[in-house]
Amino acid sequence: MLIIMSCCTATLFVSSLFFVAREAKVLYRDQQEYLVSLADMIGRNSAAALVFNDLKTAEETIRPLTQKDNVLAVYIVNKDGRLFARYQSAAQAHPALPLELLPDWASPDQVNQAVQQVTREEYTSSFLSGYASVVRPIRMDDEQVGTVVIHANARGFLNSLRYNILVALGFMGVTFLVFCLFSARLQLMISAPLLGLLAAMKEISAGKNFALRVTKPCDDEIGLLYDGFNHMLHEIEERDQILRQRQAHLQQLAHYDPLTRLPNRTLFYDRLAQALFHAERARETVAVIFIDLDHFKDINDTLGHRTGDLLLIEVAGRLATVVRSCDTVARLGGDEFTIFCQNVANEENATVVAQKLVALFATPFRLGASEIRVTASVGVTLYPHDGRTVDELLMNADIAMYHAKGCGKNVFALFDKKMNEHASERVTFLADLRQAVELEQFVLHYQPKVDLLTGKVTSVEALVRWMHPRLGMLAPDRFIRLAEEGGMIAELTEWVMRTACLQAKAWQEADLAPVRVAVNLSPFHFQRQDVKQSVCAVLGETGLDPSLLEIEITESALMQNDEYTCRVLSELREMGVTISVDDFGTGYSSLSYLHRFPINTLKIDRTFILNMTKSSEDQAIVTAIIAMAKSLKMQIVAEGVESVEQLETLKDQGCHEIQGFLVSRPVNAERVARFFTDEDHLQAHGAAAQAVPGETAHHLVNGGS
Ligand SMILES: Nc1nc2c(ncn2[C@@H]2O[C@H](COP(=O)(O)O[C@H]3[C@@H](O)[C@H](n4cnc5c(=O)[nH]c(N)nc54)O[C@@H]3COP(=O)(O)O)[C@@H](O)[C@H]2O)c(=O)[nH]1
């Protein structure tokens, strides 16, 4: 704008200057011509007066000039060079003129000098100084008879010049003003849309609102610029949306459990830390609750992971109904859930929440067509009483939960400092077990299975015991689960299998009747290890005939990953190994499902045998299992037979074999070998049963052990 305005102003100035100068020149010429014509007219009129030395006429000639207010002085000089006639204006101030200074009797030289002086440039063309003069000869018949000198002021010329300059300046000013207005308008036309764009850009970048759009003011280049801007915004908005979606997804993944959509461990820790911070200032109590489902692993193993997942989702939904909106329910992983409740008034209130949580599991979970019963063990700890940090509180809630599990599950426990001792005991116990596996601090006891028709021992079950250096001989219930959790079960099972096979081989070599030995396989081990490979290795190592090895797997192990299970069992069967299903009836398997597996034997769980004589339902279950197994051409073993009454009922039902304290408790290898005779081990019980069944059974149990 400045450059354009400067150029235009300069152009205007130069052009105005040019026109003013041109006008001045014309004015000057007009003025000159006027004076010359005036002088010539005086010369013509006074020529005769000069010739005839008629002063009066000459003065009359110049008198009209005195009326002209621009004429300052008029001099007529005769041919002798003397001042003949003169007129000098007294009214108008003017500088001293050369002839004015001369007296009437001045000599011709003086007059001539003065005339010469007037003739000189400064007096003839000094318009700008405000005066003009002309010197013209007076002629008569081509002879110069005198000279006329006129002095005039150039006020008219100067006024005209001033007027012209003023007009030019006025024109310049108006033009400049119009130009300024026009250019301002022009600038507004260009800059207003750009400023609008700039304002929109600032608004968008401040509010990060990329959904905003600008309305284009015209269809020219600026309109195109607006279109481009909107297009750019559209692309940014799209990318922004994708970015936000991805960020939200990442946020979700980072802070929420994808299965249950509950907060995960990270978010729970974060929220609990904040809650503790708040509680510290407000002097409030916070309850931290740890919930673990009982036997969830079995459900997962038997009904599959899909069902397990559905159950976890249902559990998550139920847990959320117990707490307030300000509390947080989270899933730490697996079947472990945590809750913290803010501003809990006292321990009683925390107890109420824990009771409600346990009660939540009283109603079975309906998953599709099936109904699942699951319970939970709940541990509760309180801030600040039991701990001040997130880690401490969670650890104590976990300890309390383990304590609840130890108390028989499906209960809650409030943290007590004494529980810490139990927890550290567990850690010590785990370390002991690890060492025991390394040092092979175990022994095997064997329990015979007896054929109900012949009364002879068909096989023995190898049952492991831990010879703990401090605690003495420990039953497997005390350490099998721990070995599974501690990742030692495969090593332990291999030891059991190798020892049992070596023992069976030893019995065979001692010319005892060949007895099959049964080994328990943990479902954990079965699913995660190459079972076939370890069985082959042990058989190869010990040289035992595969037909003398029996593998017992639980019903739950059978149900998980059935394709894999079926393949492994078939391979073992092909090798000649006998396959038994342990604890049958406790799982969730459909009876018709069994025929798909290469199973030799079903072992009816001892809980059914125990109640069989008292409960008609258990009796019916046993009858059904026996009938079904027979139709599938499977061998039936009844576990936990303790009384003659049970023995007789099983006989009547057509059960094939029994195992239990009635025959013998699990005993060491030497003692169990006494059963490997042709003797009918049931005959005595039959007779005894007639007499004093309870006593006989008791005697045998003790004797067997
Ligand atoms: N994975 C492995 N599991 C094993 C191994 N050794 C044992 N176990 C499992 O531990 C559980 C407990 O075993 P245990 O304490 O040895 O108890 C066995 C018997 O003593 C008991 N039994 C036998 N007869 C009776 C009876 O008449 N009454 C009664 N109350 N109990 C009786 O039953 C246990 C054997 O049961 P089962 O295996 O189902 O045949 C137990 O689940 C073992 O399986 C191992 O090496 N690996």
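Start by selecting Asp141, which sits in the loop between strand E3 (131-140) and E4. Keep in mind that you're looking at a predicted model. Is Asp141 buried or exposed? It has 7 C-beta neighbours inside 10 Å, so it counts as exposed. Check its backbone too: phi is near 55°, a positive value in a residue other than glycine.

**Into strand E4**

Now move along to Thr147, found in strand E4 (residues 143-153). Thr147 has 24 C-beta neighbours inside 10 Å, so this one counts as buried. Leaving out residues up to four places away in sequence, show what Thr147 touches: Val77, Val115, Val135, Pro137 and Ile138. Ala39 and Thr147 are 108 residues apart along the chain, yet their C-alpha atoms are separated by 9.2 Å.

**Zoom out for a moment**

Colour the protein chain by secondary structure and you'll have 24 helices and 20 strands to look at. The chain has 705 residues, and buried ones make up 35% of them. Of the contacts with a separation of 6 or more, 63% are between residues 24 or more positions apart.

Select residues 347-359, which form helix H10. The helix has 13 residues and reaches 18 Å from its first C-alpha to its last, close to the 18 Å expected at 1.5 Å a residue. Which residues of H10 are buried? Highlight Ala350, Val353, Ala354 and Leu357. Now turn the view to look down the axis of H10: the buried residues fall within an arc of 100°, so they line one face of the helix. On the face turned away from that buried side you'll find the exposed residues Glu348, Val352 and Ala359.

What covers the buried residues of H10? The cover includes strand E5 (286-293), helix H9 (305-322), strand E7 (336-341), strand E10 (376-383) and strand E11 (412-414).

While you're around E10, go to Pro384, in the loop between E10 and helix H11 (390-406). The peptide bond from Tyr383 to Pro384 is cis, with omega near 5°.

**The largest nonpolar core**

Next, select Ala462, Val517 and Ile658. In the largest nonpolar core, which has 81 residues, these three touch the most other members. Helix H14 (residues 489-509) gives this core its largest share, nine residues. Another core lies apart from it, with 50 residues, including Leu312, Ala354, Leu357 and Val390.

Stay on Ala462 and show its contacts. Setting aside neighbours within four places in sequence, they are Leu444, Tyr446, Val496, Ala500, Val517, Ala518 and Val519.

Now follow H14 from end to end. Its 21 residues should span 30 Å at 1.5 Å a residue, and its end C-alpha atoms are 30 Å apart, which agrees. Among the buried residues of H14 are Ile489, Val496, Ala500 and Trp507. Just after H14, look for Asp511, which takes a positive phi of about 60°.

**Around the ligand**

Show the ligand and the 23 residues around it; Leu463, Val464, Pro476, Asn520 and Gly660 come nearest. Strand E13 (457-468), H14 and strand E17 (578-584) each give two or more residues to this shell. E13 gives the most, with three residues. Colour the shell by residue type and you get nine nonpolar, seven polar and seven charged.

**Last stop**

Finish in strand E17 by selecting Asp583. This residue has a positive phi of about 50° although it isn't a glycine. With 19 C-beta neighbours inside 10 Å, Asp583 counts as partly exposed.

How values were computed
Residues are numbered from 1 along each chain as its sequence is written. This is a predicted model: local features need pLDDT of at least 70, side-chain atom pairs count only at pLDDT 80 or more; totals for chains, interfaces and linings use all residues. A nonpolar core is a set of buried Ala, Val, Leu, Ile, Met, Phe, Trp, Tyr and Cys residues joined through C-beta atoms within 7 Å. A residue is buried if 20 or more other C-beta atoms lie within 10 Å of its own, exposed if 12 or fewer, and partly exposed in between; C-beta atoms are placed from the backbone. Helices (H or I, at least four residues) and strands (E, at least two) are DSSP runs, numbered from the N terminus. Two residues are in contact if their C-beta atoms, placed from the backbone, lie within 7 Å. A residue is near a molecule or strand if its C-beta atom, placed from the backbone, lies within 6 Å of it. Ala, Val, Leu, Ile, Met, Phe, Trp, Tyr, Cys and Pro count as nonpolar, Asp, Glu, Lys and Arg as charged, and the others, Gly among them, as polar. The expected span of a helix is 1.5 Å times one less than its number of residues. The arc is that of the directions from the helix axis to the C-beta atoms.
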